[in-house]
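Please open the model in a viewer and keep the selection panel at hand.

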Protein chains: 2
Amino acid sequence: MQVVSVALAGRPYSIHIGANLLGDAHLYAPHVAGKRVAVVTNDVVAPLYLDRVQQALAHAGARPVPVLIDDGERAKGWQTLDRVIEALLAARLGRDSLIVALGGGVVGDLAGFAAAVYQRGIPFIQAPTTLLAQVDSSVGGKTAINHARGKNMVGAFHQPLAVIADVSALDSLPDRELRAGIAEVIKHGVVLDPQFVAWLEANIDALLARDRAALEHAIQRSCELKAQIVAADERESGRRAILNFGHTFGHAIEAGVGYGKWLHGEAVATGMVMAAELSTRAGILRREDAERVKALITRAGLPVQGPMLSTERYLELMQVDKKAAGGKLRFILLEALGRAALHGDVAPALVRDSIAAAQ
Amino acid sequence: MQVVSVALAGRPYSIHIGANLLGDAHLYAPHVAGKRVAVVTNDVVAPLYLDRVQQALAHAGARPVPVLIDDGERAKGWQTLDRVIEALLAARLGRDSLIVALGGGVVGDLAGFAAAVYQRGIPFIQAPTTLLAQVDSSVGGKTAINHARGKNMVGAFHQPLAVIADVSALDSLPDRELRAGIAEVIKHGVVLDPQFVAWLEANIDALLARDRAALEHAIQRSCELKAQIVAADERESGRRAILNFGHTFGHAIEAGVGYGKWLHGEAVATGMVMAAELSTRAGILRREDAERVKALITRAGLPVQGPMLSTERYLELMQVDKKAAGGKLRFILLEALGRAALHGDVAPALVRDSIAAAQ
């Protein structure tokens with residue numbers, strides 16, 4: 001088992017990465033002994049792992065209460081949140097209880113947000129079962145639900161007590177979701193670590209073939225890179241924004257085609273191609289580096305072409321981006337492989353051209 | 001103008017108390033210059049004060065956007081929250097914008113919670129227009145909405161940038177709401193300051209007659225007492241719980257009769273009578289002190305008898321109290337006037353008797 005530490009001042013926490021961790025009572029015990037624990041999960045994950053997690057919690061001295069939600073991005077809204085809150089109240093969970101979020105990014109974001117607001121906040125543990133959640137959404141304390149006008153528009157920064165990333169859970173992950181997770185792994189390399197990009201170029205086939213050692217390394221390195229950024233800028237007042245590389249375009253794609261049609265990682269993949277293109281057209285990234293990004297994404301089996309939306313529709317959808325300031329769009333642009341920054345002065349014509357180039 | 005400081009580590013803020021403050025651009029200017037500002041208010045307050053606040057914000061260099069919600073406790077739920085979020089997104093307010101909560105406790109709690117979760121958190125200013133909001137709900141950063149199963153069950157700790165308590169706004173306050181505010185003023189004295197209780201006994205008639213100097217003193221002293229507690233225990237992990245004196249019973253009354261039928265302050269008033277009775281029956285408070293509390297509440301024109309609910313229904317409703325731990329009820333009990341503490345070992349029979357005694 002690997003352990004990556006997220007060094008938040010006063011509230012450091014550990015990301016445990018390894019095989020067969022979901023059923024390991026020792027990982028839960030320090031946090032849950034004597035407590036009521038709501039295990040929030042969905043109807044796809046529950047048949048696979050819920051029993052195991054509940055047994056481990058019981059061995060750790062907790063009293064688990066299962067709370068099931070629907071699978072998929074559509075579940076990430078007010079209605080499901082209210083159902084989870086209702087279930088917690090019906091089970092009479094008090095402020096001294098906690099939540100385990102067992103599932104992918106949707107479960108983690110929604111259950112984490114439920115923990116952030118239930119009785120003004122209770123603690124939670126992330127137990128991510130998809131690659132995307134293990135390398136990205138479970139780490140860093142961002143929780144949220146979607147709004148019809150934009151993704152993750154309602155949420156909170158609420159750090160977990162621990163993250164339990166069981167790589168065995170990836171065995172049951174559909175190929176399409178594995179690739180969607182690889183998109184965020186690629187993103188971490190592209191904005192922060194050129195050596196890791198090179199490693200990914202050398203190991204992309206092993207990752208797609210689910211080589212256990214390759215997956216463990218990719219998860220560990222992704223978490224390390226993200227943890228460094230989060231520890232330095234928990235609330236995204238500055239540097240953390242670079243982790244949004246590809247996301248301004250990506251969120252527009254997800255909203256434009258309707259949530260859930262494209263997986264988040266797929267939209268981010270195409271968004272990264274657009275953002276790299278924009279970086280090149282803005283004159284700050286060498287064309288060959290943008291091509292390396294696109295080639296790696298292509299080899300990962302991820303989409304590099306956007307859906308058929310007008311460029312005006314993209315711009316409209318991007319207006320609600322959380323990085324927007326004073327009504328102006330801002331983009332994370334690449335300056336080199338492993339180096340990214342927030343730019344507020346991008347000409348709209350270049351944005352339009354970059355979208356068109358990836359359609 | 002009086003200024004009371006809330007000395008939170010790293011994020012101190014000021015409560016401004018005085019006449020004609022809502023229209024004073026200088027109070028807004030340090031926080032809003034150059035920003036989009038959503039003024040969340042209701043259809044009762046808007047005709048009275050919205051223009052004045054919008055003009056002051058414009059003078060302070062902000063661009064105000066009005067957001068109207070319905071009046072009353074029923075507005076404090078998911079549906080209204082979603083409408084506020086929708087309005088903020090429709091107006092394209094970014095993370096660099098802020099909210100002014102203009103109104104009573106419902107507006108402050110709901111708009112404050114909207115600020116806590118909009119795009120994972122934006123700043124806000126409290127502009128309370130009721131006595132209850134000025135002395136209690138606008139101070140201390142508690143924000144929330146109600147759930148059918150319990151009051152304030154979904155919320156966040158989110159401190160305002162400033163509180164602007166305009167005592168002139170109380171001129172338009174109905175008598176019933178004035179008295180409801182006095183209930184929380186009495187509470188602050190009863191749990192924290194015996195001298196202030198004596199002052200209230202001497203000045204209750206002046207307060208009910210809306211004597212401006214008496215009201216200003218009552219607001220200032222209430223805010224000082226509450227600010228000290230909040231600064232010492234922002235997230236209610238300990239001592240802050242004493243501010244919930246009367247609230248376990250009070251919340252049960254509000255939920256039992258249906259939200260909005262009893263005003264919060266009225267329910268707290270009766271709840272304090274029950275809690276003082278319980279303190280006496282538990283053998284920790286002298287009977288004559290409990291009688292002083294009841295006499296003061298009676299003189300304030302507040303109810304001292306609970307609604308016709310069975311004691312079992314009370315106990316059932318109190319199970320969702322946020323102070324409950326391990327499924328057991330806990331109560332804030334009085335040990336003397338000005339001294340209160342959390343007790344977890346109260347015999348249910350005493351609780352039943354105390355409810356029955358106030359019916």
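Begin with helix α3 of chain A, residues 78-90, which lies across β3, β4 and β5 (98-103) of chain A and runs at about 155 degrees to β4(A). Helices (H or I, at least four residues) and strands (E, at least two) are DSSP runs, numbered from the N terminus. Angles run from 0 to 180 degrees between N-to-C directions, with axes fitted as lines to C-alpha atoms, for helices over the stretch in contact. Contact denotes heavy atoms within 4.5 Å.

The model is predicted: local features need pLDDT of at least 70 and side-chain atom pairs count only at pLDDT 80 or more, whereas totals for chains, interfaces and linings use all residues. Residues are numbered from 1 along each chain as its sequence is written, chains are lettered from A and ligands numbered from 1 in the order in which they are written, and side-chain values use heavy atoms, with hydrogens and water left out.

**The sheet of chain A**

Next, select helix α8 of chain A, residues 212-232; this helix lies across β1 and β2 (13-18) of chain A, at about 15 degrees to β1(A). Now display the strands of chain A: they include an open sheet of 7 strands in the order β1-β2-β9-β6-β5-β3-β4, with mixed pairing. Two strands pair if DSSP finds at least two bridges between them. Why is one side of β1 and of β4 in chain A left without a neighbour in the sheet? β1 (2-6) and β4 (63-69) stand at the edges, each with a single partner strand. The twist averages 20 degrees from one strand to the next.

Zoom in on β3(A), residues 36-42, which runs parallel to β4(A) and is joined to it by 7 bridges. Select A:Asn42 there; its bridge partner in β4(A) is A:Ile69.

**A serine in chain A**

Move to A:Ser354 in helix α13 (residues 348-357) of chain A. Is A:Ser354 buried or exposed? A:Ser354 has a relative accessible area of 0% and is buried. Buried means under 20% relative accessible area, exposed over 50%, and partly exposed in between (1.4 Å probe, protein chains only). Beyond its neighbours within four places in sequence, A:Ser354 is in contact with A:Met274, A:Glu277, A:Leu278 and A:Arg281.

**Between the chains**

Select A:Arg120 together with B:Phe157: the arginine lies over the face of the ring, at 6.0 Å from its centre. Then select B:Arg120 and A:Phe157, where the charged end of the arginine sits over the ring, 6.0 Å from the centre. A charge sits over a ring if NZ of Lys or CZ of Arg is within 6 Å of the ring centre and within 35 degrees of the ring normal.

**Chain B**

In chain B, display the open sheet of 7 strands, ordered β1-β2-β9-β6-β5-β3-β4 with mixed pairing. Select β1(B) and β2(B), which run antiparallel and are joined by 5 bridges. B:Gln2 has B:Ile17 as its bridge partner in β2(B). The hairpin of these strands has 6 residues between them, and B:Gly10 takes a positive phi near 85 degrees there. On β2(B), residues 13-18, follow the 5 bridges to the parallel strand β9(B), residues 162-166; B:Ile15 is partnered by B:Val163.

Finish at helix α10 of chain B, residues 264-281, where 17 of the 18 residues are buried. α10(B) reaches 25 Å from its first C-alpha to its last, close to the 26 Å expected at 1.5 Å a residue; the expected span is 1.5 Å times one less than the number of residues. Just after α10(B), select B:Gly283, which takes a positive phi of about 80 degrees.
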